[in-house]
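This briefing is meant to be read alongside the sequence and the coordinates. Please keep both open while going through the points on the pocket and the sheet.

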Amino acid sequence: MTGAMVQDTQTGREAVPDTLRGTVDAPWRIGTRGSLLALTQAGHVRDALLAAGQQAELVIVKTAGDQSSAPVQTIGVGVFTAALRDELALGTVDIAVHSYKDLPTAQDPRFEIAAIPPRQDPRDALVARDGLVLGELPAGSKIGTSAPRRASQLLALGLGVEIVPLRGNLDTRISKVANGELDAVVVARAGLARINRLDVVTESLEPVQMLPAPAQGALAVECRSEDTELVTILSALDDAGTRAAITAERALLAELEAGCTAPIGALAEVVESLDDDGRVVDELSLRGCVAAIDGSDTIRASVVGSLADAAELGRALARELLELGARDLLSDPGDSTPVAEQSDDSSSNPSPMENIR
């Protein structure tokens with residue numbers, strides 16, 4: 001297989017036409033990484049399919065990122081999704097479930113994001129010793145994070161904290177606070193919610209303090225573009241408001257990405273507004289920021305518009321950020337390395353499970 005290893009011995013089933021899948025004898029195969037968070041996320045999709053009368057099972061796929069201890073920036077953007085996509089292309093699995101912010105912004109014509117389910121709370125969360133909130137941590141406190149976006153926005157707050165690079169699954173990160181190695185860590189609140197660990201959160205960081213990564217808290221349910229029946233089945237899991245928000249945030253990221261390695265935050269939300277006739281209508285509010293790596297400068301802007309214009313809203317806000325000086329924060333104008341931020345599940349101990357019904 002191309003750079004990936006499916007953690008099962010194959011079932012010995014003969015090839016089954018997609019028109020016969022979704023049955024007890026030929027369930028839809030959902031590819032997932034083997035960590036607790038990934039399994040939980042994929043499990044939500046499996047359960048939704050089961051509730052709709054479609055049989056489905058989880059198939060665990062090991063990725064190069066899971067088997068490496070190198071920093072995410074070293075092993076590359078998309079390492080956690082590439083193996084799943086390889087297996088999808090090979091037909092080993094029928095569906096892949098990703099943390100959406102792990103996906104490259106460039107579209108791959110082989111695949112279709114058939115569903116973006118309702119988003120979890122996209123905010124970042126602080127897990128600190130002694131139940132402290134961010135403003136109560138004394139100067140010199142060690143805060144762990146793997147994300148340049150989080151590090152730069154934390155430094156910009158001027159609290160005098162020390163940023164410590166961090167890798168590992170959520171349990172590993174939380175344990176570094178419990179054992180006294182770190183004073184706090186910052187992770188995605190959505191991940192903690194999905195594994196029922198919100199009890200460890202000492203503060204949910206408001207966007208005015210820290211804008212989340214584009215698409216944070218959202219899942220991408222992907223299948224092969226040619227599997228039109230499956231696209232239709234999965235589309236029932238799609239949430240229109242979440243799709244509009246993610247479309248805007250990802251469009252902003254894509255517009256800034258050419259030559260951009262600066263930390264980028266974005267958050268789009270569906271809000272109620274009044275039209276010219278005084279009627280209540282839904283609009284999309286989008287906030288974005290670009291920060292200097294060392295926290296010395298942060299440029300923010302916002303825009304409001306129609307949900308139907310989500311992609312253009314994202315591109316327009318990116319252009320406004322550039323006009324406000326964001327270009328000066330780009331570390332290397334000639335570097336086209338994508339800056340999509342990886343998930344808080346960047347290392348895992350894969351489960352020994354095989355196909356999981």
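This is a predicted model: local features need pLDDT of at least 70, side-chain atom pairs count only at pLDDT 80 or more; totals for chains, interfaces and linings use all residues.

**The largest pocket**

- The largest pocket holds about 500 Å³ of space, and among the 21 residues that line it, those closest to its centre are Tyr 100, Thr 105, Gln 107, Ile 113 and Arg 250.
- At least two lining residues come from each of β5 (111-115), α8 (240-257) and α9 (310-323), and of the contributors to this lining α8 gives the most, with six residues.
- By residue class, the lining of the largest pocket consists of 11 nonpolar, three polar and seven charged residues.

**The five-stranded sheet**

- Five strands form an open sheet with mixed pairing, in the order β8-β7-β9-β6-β10, and its edge strands, β8 (162-164) and β10 (203-205), each pair on one side only.
- On average, and with direction ignored, neighbouring strands of this sheet are turned by 30° against each other.
- Within the sheet, β6 (residues 124-128) and β9 (residues 184-188) run antiparallel and are joined by five bridges; Ala 125, for instance, has Val 187 in β9 as its bridge partner.

**Helices lying across the sheet strands**

- Helix α4 (residues 148-156) lies across β6, β7 (142-144), β8 and β9, and runs at about 125° to β9.
- Helix α5 (residues 170-178) lies across β6 and β9, and its direction makes an angle of about 155° with β9.

Conventions:
Residues are numbered from 1 along each chain as its sequence is written. Side-chain values use heavy atoms; hydrogens and water are left out. On a 1 Å grid over the protein atoms alone, a cavity is a set of points where a 1.4 Å probe fits but cannot get out, and a pocket is an open set with protein on both sides within 12 Å along at least five of seven lines; lining residues have an atom within 4 Å of a point. Grid points are joined across faces, edges and corners, and a volume is the space filled by probe spheres set on the points. Helices (H or I, at least four residues) and strands (E, at least two) are DSSP runs, numbered from the N terminus. Ala, Val, Leu, Ile, Met, Phe, Trp, Tyr, Cys and Pro count as nonpolar, Asp, Glu, Lys and Arg as charged, and the others, Gly among them, as polar. Two strands pair if DSSP finds at least two bridges between them. Axes are lines fitted to C-alpha atoms, for helices over the stretch in contact, and angles run from 0 to 180 degrees between N-to-C directions. Contact means heavy atoms within 4.5 Å.
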